[in-house]
Structures are given as C-alpha cells and as structure tokens.
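I opened this entry to go through the structure piece by piece.

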Amino acid sequence: MKHLLGIEPLDRDEIGQILDAADAMLEISQREIKRVPTLRGRTVINLFLEPSTRTRVSFEIAAKRLSADAINVSSSGSSLSKAETLNDMAQNLAAMNADVLVVRDRTAGVPAMLAERVRIPVVNAGDGAHEHPTQALLDAFTVRQSLGSIEGRVVAIVGDIAHSRVARSAIHIFTKLGAEVRIAGPPTMMPVGIEELGVKPCSSIEEALDGAHVICMLRIQRERLEGALFPSVREYSRTYGLDLRLLRLARPEAIVLHPGPINRGVEIGSDVADAEPSRILDQVTNGVAVRMAVLYLLTGEQA
Amino acid sequence: MTRWRVRGARVLDPASGLDEVVDIDVEDGRIAGMGTDLPGIPEQVLEATGLWVVPGFVDIHTHLREPGQEYKEDIASGARSAAAGGFTTICCMANTDPVNDSPAVTEFIQRRARDTACVNVRVIAAATQGLRGEIMSEMAGLAGAGAVAFSDDGYTIMDSSVMRRVLEYAKGVDRPVIAHCEDLALKGATAVHEGAHATCCGLPGSPAEAETILVARDLELARLTGAHLHVAHVSAARSVELIRDAKDAGVRVTAEVTPHHLALTDAVIRGYDTNTKMAPPLRTARDREALRDGLADGTIDCVATDHAPHAAYEKDVEYTSAPFGVVGLETALPVVLDLVHEKRLSALDAIRRMTCAPASLLRLRAGSLEIGAPADLALVDPEAIWKLDGPELQSRSRNSAFLGREFRGRVLRTWVAGRAVHGSDETLP
C-alpha cells in the first residue's frame with residue numbers, strides 16, 4: 001500500500017492487515033505512557049483545507065503517539081489564500097522532507113491528484129463526497145470489536161447517502177468484508193447508480209433496520225440542504241431519525257454508529273445516542289488506533 | 001506554373017460519390033484534373049498507393065481563443081493544429097475576449113486569419129450580446145462582415161423568449177443558430193454525467209435530461225419559427241431520438257457530435273483526470289452507441305471537434321475547479337475511422353461527415369473535390385498505427401482526452417489551395 005486514497009482500491013487482505021495493526025495500536029493508547037518510538041524523527045503533515053476538529057485531532061494524536069512530528073496546516077492562514085494552487089502548495093510541503101501527507105479537502109479527488117504530484121504517501125482524510133477511508137476502517141474495527149465478525153452481518157446505512165463520503169467508504173468496506181449492506185434515506189439523497197456498488201436500497205428506515213446488526217446513521221448537513229433536498233428538519237427527523245422505537249426493529253445485539261458530530265434530535269435521538277447500543281465514543285477511541293495503524297503501515301514499515 | 005500529381009491513391013469525394021483509385025493533378029493551387037490517364041507531365045509526382053486523398057476536413061466548432069486568451073491558443077497555432085488533423089477550413093466560436101458580438105471583432109479575426117493562419121478560418125458570431133442570453137447581437141451587421149452562423153456556445157440561452165427571437169432574427173439574415181443545450185438549473189455546478197461513476201467518485205452529476213430538455217425546447221422553437229437550428233455536441237441517446245423525430249416531421253434541424261463523445265464514456269472520469277471534463281459531459285456506453293448510430297444513419301449530420309484548448313496549469317487543479325473542454329483537431333480523423341474499421345460507417349460516409357456535410361449546413365464552399373476549385377486536400381494513411389504522447393500536438397495546449405492512446409489512421413499531409421501546410425518535406429509537394 002503506497003497511499004490510502006480510499007477503501008475502493010483496497011482488497012480484503014489489505015483491510016485485514018490495517019485492522020490487525022490497529023488492534024496493537026489500541027493497546028498502546030490504553031497504557032499510562034501512551035507513546036512508542038516507532039515513527040521517531042518522521043514528519044506527518046495534516047493538510048486540512050476543510051474545517052474539521054475530530055479527524056484532525058485524531059490524526060495529530062495518532063502521529064504523536066508514534067513519536068512522529070505532526071504539523072497542522074489549515075486553509076485559513078495558509079498560502080492558499082494567496083492564490084497558490086493546491087498542487088504547488090503540496091509539493092512545497094513535501095519538499096520540506098515530510099514523510100506523510102494527510103489531506104482533507106472539500107473537493108472529491110484532491111488526495112488522488114496530490115498523490116500523483118508528491119513522492120510521499122498520501123492519506124485521504126475525507127475528500128468531498130468521495131471517500132473517508134479511515135472513518136470506514138474505524139467503523140469496521142468497531143463492528144469487529146463489538147460483534148466479533150463482519151462476514152454475513154447486516155449493515156444499515158441511513159441518511160444522506162448522496163453527499164456522504166462516509167457512506168461510500170462504509171459501503172466499500174462492509175461489502176468487501178462480506179456483510180449485507182442496506183441503505184435508506186430520502187429519495188433526493190439516494191445517488192444514481194448506487195446499487196451498482198452492491199448495496200440494497202430500501203424505501204424506508206424500517207425496511208433497512210429490520211434484523212440489522214449494525215446501524216450507521218449519517219450526519220445531515222442541515223444548514224446546506226434544508227429546503228433543497230428535504231423540506232424541513234422536523235420532517236426529516238420524523239421520517240429518517242433513529243429513536244428507541246425504531247431501534248427495536250434491529251437485532252437485540254445491534255450496535256449504532258455515527259461518524260459525528262451528531263445532530264441530537266435530528267438524525268439521532270438522545271435516547272439512542274447515549275444508550276447501550278451506541279458505539280459513537282468507542283468509534284472515536286478506535287479512530288486514533290486505526291490512524292496510528294495507517295501511518296505505521298505507510299511509513300514505519302520502510303524504516 | 002507548377003503542376004503536381006498525387007498518383008495511385010484511393011480518392012474519396014463524398015459530394016460527388018467518387019470512391020476510386022485515380023490520379024489527381026494540382027496546378028496553380030487548384031484541382032486541375034482527376035482520372036486515370038491524365039494528360040500532361042507534372043513537375044512532381046507523389047506516389048500514394050495504399051493511401052487516401054480526401055477533401056480537407058471542415059470543422060464547424062473550434063475555439064481559437066484569439067483575441068484575448070492567446071496563452072491557450074491563437075489563430076495561427078489553432079490553424080496549425082487544424083492542418084495537422086487534416087482540416088482545411090475551421091469555424092471559430094465567439095467566446096473570445098472581447099466576445100465576437102460585433103462586426104469589428106469579426107473583421108479583426110478574419111484579418112488575423114488572413115495574415116497568420118495556414119488554413120481557411122470562418123467566423124461564428126455571438127447570438128446575444130456578451131453571450132449573456134439577453135439582447136440579440138447585431139446579426140445583420142455580423143453576417144455582412146462575414147459571420148457564417150450565430151451561437152452562444154459555452155452558454156445556453158435559457159430564456160425561451162430570447163431564444164425564439166434569436167431564431168427568428170437569424171432566419172431573417174439567412175444564418176443558422178447553433179445551440180449549446182444544457183439546462184443550467186438542472187445541470188448545477190456539475191462536471192460529469194450523473195450515474196454510477198459520478199456516484200463512486202463523489203462528483204455531482206448532471207443527468208442527460210439537462211441536455212434533452214433544452215434540445216426538445218429548441219426543436220419546438222425551430223418548428224415555431226421555421227429557422228435553421230443546429231444542435232451542437234449532442235451527447236445523449238434521447239437527444240438523438242428527439243432530433244430524428246423532428247427531422248422526420250420536417251423541422252429544419254441539423255446536429256453534430258464530437259469525437260470524444262463518439263469514443264469515450266463516463267467511465268474515464270474515475271481517475272479524476274481533468275482532461276475528461278467537458279460540457280456536455282461524457283455519458284454512458286448506451287448514449288455513445290446511440291451517437292454512433294445517429295451519425296451512421298444521418299440523424300447527426302456531421303462530426304465537429306469542439307476543440308477547446310486550455311493551458312496545462314489551468315487543467316492542473318481540482319477536478320471541480322478545472323475549466324471545461326479538450327483539444328480535438330489532431331485526433332478527430334482516427335476516432336471517426338474507428339467506426340469505419342468497426343464497419344459502422346462506410347469510408348465515404350465517414351469522410352462525408354467531416355467534409356461536405358458540415359460545409360453544406362453552414363453553406364461553405366469547402367469539403368469537396370471539384371475541377372477548378374482550390375486544392376484543399378488531405379492525404380491519409382487509414383492503417384497507420386500511432387500513439388498520442390502530447391508533445392507532437394501543434395496546438396498551443398495539450399489538454400487531450402486521448403493522451404497515451406493508440407490510434408489507427410493518420411493524416412500524413414494537408415494542402416490548402418495546393419500549398420502543403422502539414423507533413424511536407426522539401427522535395428515533395
């Protein structure tokens with residue numbers, strides 16, 4: 001694996017390798033001294049051109065726990081505001097002998113574009129509506145941790161599939177690992193041709209949740225989409241919001257995932273978000289381990 | 001004066017139906033004779049057994065970028081690119097800077113073409129002032145200055161009332177209106193065809209209906225006005241059906257298809273190569289099949305390149321930020337010849353779609369072989385295998401969708417009025 005641009009290019013073995021490495025990394029995060037020298041002297045640049053707290057901090061902690069130097073670059077205050085192109089900027093950052101470039105951008109395809117221009121590994125930390133591979137890896141890791149296995153499980157992904165990189169990466173990882181993936185959401189948020197990815201589109205949240213082992217709720221971008229793709233937040237939460245009543249349709253052992261940040265009372269009720277089946281905070285914990293595994297596999301192995 | 005001969009080539013002249021191995025003589029820049037026992041002894045002879053001689057190609061959809069964006073292309077470099085692709089007449093679109101919406105700009109382009117271009121350049125003027133789709137341009141003055149058609153290409157005239165008036169007025173000055181059909185609201189800010197590939201890439205898609213809705217509207221307005229509507233760069237299967245039905249019903253409509261829409265599908269967007277980004281977008285394999293069928297049965301009258309040069313640095317950006325368009329003059333022939341190799345189109349019909357068909361719909365005196373007419377010719381090796389690397393392109397820009405692709409069929413030499421403008425060495429005509 002030279003870069004991590006998405007889940008789609010990975011095969012089952014490569015995914016398994018990352019998840020196995022993340023097991024070991026999780027153990028490091030549980031120690032009193034949460035740091036190993038694996039990537040000492042290496043530099044990880046977190047190029048975050050779209051606002052993000054959770055993912056940026058998670059990558060930063062992951063790098064530091066491996067003893068790498070983590071440098072954060074965000075769009076405000078960066079040279080991008082001086083009309084430098086992204087390619088020029090990335091090449092300049094790489095020329096400072098960075099070892100990994102972690103990229104978050106609002107435009108699909110940016111990590112792939114930069115990977116062709118810089119000679120160091122590129123990690124996609126979320127690109128537009130394309131992919132968010134470390135999120136999918138931590139989702140799969142969390143399912144494996146909670147349920148023991150992924151093969152044959154029923155995974156329901158609910159919400160704005162069309163604009164969600166989380167949904168695409170989750171679809172790729174769970175189908176590759178042998179789960180049955182169902183999707184549900186307002187028809188305006190179901191992208192054309194999605195069934196060609198091997199998922200089953202459902203006409204209601206009830207149909208999607210029936211007998212599910214894993215429920216992935218997606219965040220609704222209410223400020224951007226209300227009025228255009230759904231009439232109101234009120235109607236959305238009534239039609240596609242997850243509450244305890246709907247949760248009973250799923251398996252008794254079912255778990256609930258959400259990439260965060262959650263809109264309480266919109267796509268997920270507080271009764272579910274804070275309840276036993278919720279794995280939302282475990283996901284965050286596991287996210288650090290998965291990102292440590294990715295940084296290690298992309299750089300540490302060559303050391 | 002000088003007389004030279006191309007001997008032994010298969011000569012294809014779709015306008016007259018000629019498809020035979022004959023010799024062709026050129027004297028003083030004009031076609032002096034065609035046949036097997038031509039009289040006289042030429043000063044020079046080009047042996048061309050196994051090759052084709054065809055009328056120089058005619059492109060009715062070229063962006064030459066001059067005035068205003070000479071860093072992308074200018075009239076001279078665009079003309080060299082045309083010559084390298086076998087084109088001897090090209091028609092340039094109006095989206096220059098300033099926009100060609102006045103006789104002064106039209107005259108400027110024609111003067112620059114006379115002074116600098118190695119092929120014939122004809123001018124398509126803006127249909128509305130500033131390409132804004134609001135107030136029609138001075139079409140009578142523009143026609144008088146030399147404009148052969150009117151188009152806001154690159155933009156769609158979204159106001160149906162304005163489009164109606166443009167068609168009516170253009171009819172009055174006896175010129176066609178070339179329509180770029182994309183519903184701006186339905187298309188959104190998008191760059192690619194809406195489908196599984198766009199979904200996988202996370203790129204916002206534009207459905208085929210963004211085109212077909214406007215094609216249907218413009219066909220209805222052509223019926224209403226009786227004007228000649230020419231639909232630019234048809235990309236969707238449904239558009240072909242609509243145009244076919246309208247032609248059957250007697251509407252004055254013609255249509256073109258680009259080489260890239262004939263050759264490629266939306267599958268090529270998967271690598272985010274910005275040289276796959278153009279408007280309208282590449283669509284599905286089913287659409288491509290319909291375009292090929294439409295070109296074969298004549299529903300689509302001609303091939304037009306939509307040659308749209310952009311500087312490398314402009315395309316070397318995020319997919320959604322890159323400008324629309326690809327260069328196309330130098331690769332048009334082999335793309336069309338693929339249809340001949342696949343037996344979808346006869347050789348004569350393939351050449352027709354690139355010569356007399358586009359010429360006749362803009363009523364240009366070009367695209368045929370007539371004794372006494374200027375010798376605008378191309379010499380073609382239909383079997384030559386070659387690969388497009390990029391640096392060999394004569395255009396100032398290299399934003400081709402076909403970089404790295406292998407082609408079968410190549411233009412070896414191009415003559416304009418008997419003068420070699422591409423592929424000549426010192427010793428031969």
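**Entry 1: a glycine in a loop**

Does Gly367(B) count as buried or exposed? I looked up its relative accessibility and found 7%. The cut-off for buried is under 20%, so Gly367(B) counts as buried. I note that the model is predicted.

I then placed the residue. Gly367(B) sits in the loop between α14 (356-361) and β18 of chain B. I listed its contacts, leaving out residues up to four places away in sequence. They are Asp13(B), Pro55(B), Gly56(B), Val58(B), Thr355(B) and Cys356(B). I also checked Gly367(B) against Phe87(B): 280 residues separate them in sequence, and 9.5 Å separate their C-alpha atoms in space.

**Entry 2: confidence**

I checked the scores before going on. Chain B has a mean pLDDT of 96, and 99% of its residues reach 70 or more. For the model, ipTM is 0.92 and pTM is 0.94.

**Entry 3: β8 and Phe57 in chain B**

How many residues of strand β8 (residues 57-62) of chain B are buried? I found six of the six, so the strand is largely enclosed by the rest of the structure. β8(B) runs parallel to β9(B), and four bridges join them. Within that pair, Phe57(B) has Phe87(B) of β9(B) as its bridge partner.

Leaving out residues up to four places away in sequence, its contacts include Gly85(B), Gly86(B), Phe87(B), Thr88(B) and Thr89(B). Leu333(B), Ile351(B), Met354(B), Thr355(B), Val380(B) and Val411(B) are also among them.

**Entry 4: the cores**

Which residues touch the most other members of the largest nonpolar core? I found Phe57(B), Phe150(B), Leu229(B) and Val231(B), in a core of 89 residues. Helix α12(B) gives the most to this core, with seven residues. The core draws at least three residues from each of domain 1 (3-53 + 373-422) and domain 2 (56-361) of chain B.

**Entry 5: the mixed sheet of chain B**

I traced a six-strand open sheet in chain B. Its order is β3-β2-β7-β18-β19-β20, and the pairing is mixed. The edges are β3 (18-21) and β20 (419-422) of chain B. Each has a single partner strand, so one side of each is left without a neighbour in the sheet. From one strand to the next, the twist averages 30°.

β18 (residues 377-387) and β19 (residues 406-416) of chain B are antiparallel, with eight bridges. Here Asp381(B) stands opposite Arg410(B) in β19(B).

Which strands does helix α12 (residues 332-341) of chain B lie across? I found β7 (52-55), β18 and β19 of chain B. The helix runs at about 120° to β19(B).

**Entry 6: helix α1 of chain B**

I asked how enclosed α1 (residues 75-84) of chain B is. Nine of its 10 residues are buried, so the helix is largely enclosed by the rest of the structure. Among the buried ones are Ile75(B), Ser77(B), Gly78(B) and Ser81(B). The cover over the buried residues of α1(B) includes β9 (87-92), α2 (103-116), β10 (120-125), β19 and β20 of chain B.

**Entry 7: a hairpin in chain B**

I looked at β4 (residues 23-27) and β5 (residues 30-35) of chain B, which pair in the antiparallel sense over five bridges. Ile24(B) stands opposite Met34(B) in β5(B). The hairpin of β4(B) and β5(B) has two residues between the strands, and Asp28(B) takes a positive phi near 50°.

**Entry 8: chain A**

The contact takes 28 residues from domain 1 of chain A and 28 residues from domain 2 of chain A.

I also traced an open sheet of five strands in chain A, with order β7-β6-β5-β8-β9 and parallel pairing. Its edge strands are β7 (200-201) and β9 (255-257) of chain A, and each pairs on one side only. Two bridges join β6 (residues 180-184) of chain A to β7(A) in the parallel sense. In that pair, Arg182(A) stands opposite Lys200(A) in β7(A).

Notes
Residues are numbered from 1 along each chain as its sequence is written. Chains are lettered from A and ligands numbered from 1 in the order in which they are written. This is a predicted model: local features need pLDDT of at least 70, side-chain atom pairs count only at pLDDT 80 or more; totals for chains, interfaces and linings use all residues. Side-chain values use heavy atoms; hydrogens and water are left out. Two strands pair if DSSP finds at least two bridges between them. Axes are lines fitted to C-alpha atoms, for helices over the stretch in contact, and angles run from 0 to 180 degrees between N-to-C directions. Contact means heavy atoms within 4.5 Å. A nonpolar core is a set of buried Ala, Val, Leu, Ile, Met, Phe, Trp, Tyr and Cys residues joined through side-chain atoms within 4.5 Å. Buried means under 20% relative accessible area, exposed over 50%, partly exposed in between (1.4 Å probe, protein chains only). Domain bounds come from an automatic or database domain assignment. pLDDT is the predictor's confidence in each residue, from 0 to 100.
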